[in-house]
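Welcome! Here is a friendly tour of one structure, taken a piece at a time.

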Amino acid sequence: MTRRLRFGSHLIDLATRELSEDGRLRPLSPRVFDCLAYLIEHRDRAIGRDELMAAVWGKADVADTQLAQVMLKARRAVGDSGETQQAIRTVAGFGYRWVAEVVPCEEPAEPAPAEPAIAAAAAAETAPSLPLAGTDGTDGTEQARATPPASGRRTALAVAVLVLVGIALAALWLRHRSPATPAPAVPARSGAAAGPAQPDDLIAVLPASVDAPAEWTWLRLGVMEFVAGRLRQAGKRVAPSENVVSMLRHDAAAGELSERVERALSPRWQIAARLRRADTGWTVDLDLRERGGSVRSFPARADEPMAAARIAADLLAAALGAAAPADAAPGPGPAEEERLSRIDAALLIDDLENAQRLITTAPAAMRTTPELRLREAEIDFVAGRNEEAGQVLTRLLDDLPAETYPLLRARVVSGLGAVHVRLGEIAQAEQDTSAALALLEGRGDPILIGKTHMRRGVARSLLERYDEALADFAQARIAMQLAGDSLGLAQVELNEGALNGMRNHPDAALTSFERAADQLERFGVPNELATALTNQVVAHRALLQPRAALAASERGMALLAGPLTIDTAHLIQLRRAQALLDVGRWREADGLLGELARAIDPAREPGSAPLVAVERARLALARDQAEQALALVAPVLEEPLGPELENAQAEAWTIALRAQRRLGRSGAAAAAIERFGAWTEPSTNSSVRIRLALAQAEQAFAEGRVAAADALYAQALSDANRQNVPLDLAEVAIAYADSLIAREELRRAVPVTGQLDRFATEDFDCALLQARLYLALGQAQAGRTALDRARLLAGERPLPPDVAPESGIRPGPD
């Protein structure tokens with residue numbers, strides 16, 4: 001039978017278990033592929049539900065919801081749906097039938113092109129996965145003497161890439177005033193990483209200097225934000241105030257701040273406001289400094305500071321060739337405008353208490369205005385009062401006619417999208433952000449468009465609509481380039497890196513995180529920078545680059561001296577401990593993990609305690625403290641953790657199984673493997689499935705069921721190769737090769753070990769496997785070289801006796 005079949009724009013290769021669309025691979029989980037393959041292979045008839053379950057799961061007593069979930073993903077993979085049923089038809093009361101036309105295809109398959117970091121990508125069926133395992137050893141039985149030593153590998157916690165979602169969304173509240181006149185339209189592009197060439201016309205407005213009593217200090221940031229908004233409304237390209245304020249450190253001198261802004265934003269013009277109060281009113285001077293040129297000043301006088309700032313801003317806009325803006329929607333009066341500016345000044349420095357007070361003490365009539373209500377929702381959102389923020393925005397939306405307030409309405413709807421992400425209502429968030437973008441069509445507000453695309457990209461990432469999410473992040477990137485929002489661009493990189501981590505593309509994720517860190521270091525945003533650095537650690541570890549992971553963790557630790565949230569500080573320390581374990585610095589890692597175990601409040605950080613427990617258990621098992629390892633992971637196995645912690649919980653199962661065998665409890669290990677399998681059953685996480693197959697292989701080998709072990713090892717290795725994450729590949733290949741070497745099947749061990757050659761110069765476990773194989777082959781010189789390399793990488797890790805020269809290991813057959 002022909003193993004390569006084409007239908008529409010899709011090609012399925014039943015031999016290599018690959019599905020492609022227009023030459024581009026579409027990654028699928030094993031069950032989704034099996035479902036498609038079985039229906040296609042038996043397309044001449046309808047397939048009953050029980051038959052399909054038996055073919056895919058190996059049993060017929062599978063929950064209907066599991067079959068429905070796999071069928072949904074199978075249809076999505078081939079561009080079908082339950083409504084159209086163009087490929088898979090539901091046979092009511094019976095099962096399913098493949099109905100799309102299928103043509104045998106004998107021509108050689110063209111290799112799928114590598115996907116760029118921002119290309120439209122296939123929607124993978126897996127959750128975030130950069131997985132790991134623990135340490136195995138003998139179980140006390142006679143058979144255990146042949147059990148190979150398995151490596152103490154790293155726990156992949158790719159869930160870390162999702163940590164940034166909360167951080168990025170918190171930074172995404174839209175504080176700017178939407179322009180009344182159209183700004184440059186944002187081009188509809190979905191594939192290019194770089195946006196259009198930018199004109200050299202960016203303006204950066206600096207904090208004002210204020211010569212007035214202390215109660216007027218708010219004008220320093222209030223006038224800065226007001227002038228920026230006024231110029232933006234006049235159609236000028238002005239960097240968001242958050243970009244500038246983030247660089248403001250300890251009342252930095254004006255010259256120092258100006259130099260930092262120049263390095264970070266490279267604006268053509270910088271504007272500095274000078275305010276002076278006198279008996280006759282207020283004087284505002286706006287100094288316009290062109291890069292490398294002279295300074296022009298635009299003075300204005302008025303009874304109130306904001307009125308003077310408005311006059312000066314309009315004069316400056318005219319000098320730059322822009323007309324004073326004419327608001328399309330009703331604007332605030334002088335009193336409201338001053339209060340809004342004071343609130344904005346407080347929000348720019350996250351002074352939520354003062355911002356809330358300004359709203360609470362506002363006159364009753366002013367509190368009902370849309371702009372004040374929008375800021376009330378922002379305060380609730382930033383403070384974490386998500387439901388309250390949603391209620392304020394929903395009520396506000398009912399009072400905003402689309403024809404009168406189109407841009408303000410778009411801001412509200414986009415804000416609702418962020419709230420629904422926070423509340424876990426992801427589908428609703430995607431609908432909200434789509435509706436906001438529809439309202440913005442043709443209105444050209446690049447800041448609002450960019451941040452709304454980013455929000456929708458986050459929602460679509462969480463919905464596993466990865467190709468659409470990538471397109472949104474590409475749109476966000478272009479819009480933020482047009483807006484001059486460098487800080488927003490860094491946040492796009494963070495989210496794009498997270499998405500590539502979820503898609504099991506750690507190399508592309510690393511590139512995004514490195515670009516984000518380079519940009520964020522220019523700004524004063526330690527939590528976002530910490531996110532970029534801790535995620536670099538995750539990506540380096542997935543790529544088997546322990547020294548690079550250690551270096552990234554050192555940069556993260558340097559941030560602990562600054563202002564960080566508690567959970568961010570704990571995440572930095574956890575990543576540092578993992579990187580230390582990977583290079584064999586056990587004592588330092590143990591100290592850090594102990595501190596974390598004492599410091600973490602499980603009620604406040606429910607996801608952190610299990611992660612720390614798993615790392616402590618991994619270290620305990622590596623030190624041959626199996627009872628302690630079991631005690632540490634026992635609570636993790638019993639907790640109903642969410643899908644974002646699947647990899648950590650699977651690691652806990654691996655550690656528990658290896659510890660049981662190490663203690664000679666074969667029966668307990670056999671029972672645990674059954675529970676592990678039942679726990680894994682509903683998961684579509686490819687790394688979790690690989691870990692289960694590996695655990696089953698190790699258990700079968702320990703029980704002397706060599707043929708079954710080989711089949712399971714081979715399946716796990718095939719799945720790891722298809723997933724193409726080096727960490728997964730090493731985890732499986734080391735265990736498989738060790739089992740082959742232990743029973744002297746060296747010819748079979750050679751190609752398995754060879755897959756890890758490129759990692760042996762950096763990774764201790766890969767170097768150790770290489771030494772073990774060379775010594776078994778009788779290649780003494782090569783074995784000594786590999787052993788010397790392993791010693792250099794070992795740190796505090798002892799070399800196992802089977803590879804030490806004094807072990808007297810006999811050369812294997814030629």
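## Two helices side by side

Axes here are lines fitted to C-alpha atoms, for helices over the stretch in contact, and angles run from 0 to 180 degrees between N-to-C directions. Keep in mind that this is a predicted model.

With that in hand, look at helix H12 (residues 370-382) and helix H14 (residues 406-422): they pack with their axes 11 Å apart, at an angle of about 15 degrees. Because angles under 35 degrees count as roughly parallel, H12 is roughly parallel to H14. Their crossing is left-handed.

Which residues make the contact? From H12 come Pro370, Glu371, Leu374 and Phe381, and these meet Leu408, Arg411, Val412, Ala418, Val419 and Arg422 in H14. Sorted by class, the contact of H12 with H14 has seven nonpolar and three charged residues, with no polar ones.

## A five-stranded sheet

Next, find the open sheet of five strands, which pair in antiparallel fashion in the order S4-S3-S2-S1-S8. Strand S4 (24-25) and strand S8 (103-104) are the edge strands, each pairing on one side only.

At the S4 end, two bridges join S4 to strand S3 (residues 18-21) in the antiparallel sense. Here you can see Ser20 opposite Leu25 in S4.

## Charged partners

Side chains of opposite charge can pair when their charged atoms come close. How many salt bridges does the structure hold? There are 52 salt bridges.

One of them joins the side chains of Arg291 and Glu262, at 3.8 Å from N to O. This pair links distant parts of the chain, 29 residues apart: Arg291 lies in the loop between strand S12 (281-290) and strand S13 (295-302), while Glu262 belongs to helix H7 (residues 254-265).

How values were computed:
Residues are numbered from 1 along each chain as its sequence is written. This is a predicted model: local features need pLDDT of at least 70, side-chain atom pairs count only at pLDDT 80 or more; totals for chains, interfaces and linings use all residues. Side-chain values use heavy atoms; hydrogens and water are left out. Two strands pair if DSSP finds at least two bridges between them. Helices (H or I, at least four residues) and strands (E, at least two) are DSSP runs, numbered from the N terminus. Angles under 35 degrees count as roughly parallel, over 145 as roughly antiparallel, 65 to 115 as roughly perpendicular and the rest as oblique. A crossing is left-handed if the near helix is turned anticlockwise from the far one by less than a right angle, and right-handed if clockwise. Contact means heavy atoms within 4.5 Å. Ala, Val, Leu, Ile, Met, Phe, Trp, Tyr, Cys and Pro count as nonpolar, Asp, Glu, Lys and Arg as charged, and the others, Gly among them, as polar. A salt bridge is a side-chain nitrogen of Lys or Arg within 4 Å of a carboxyl oxygen of Asp or Glu.
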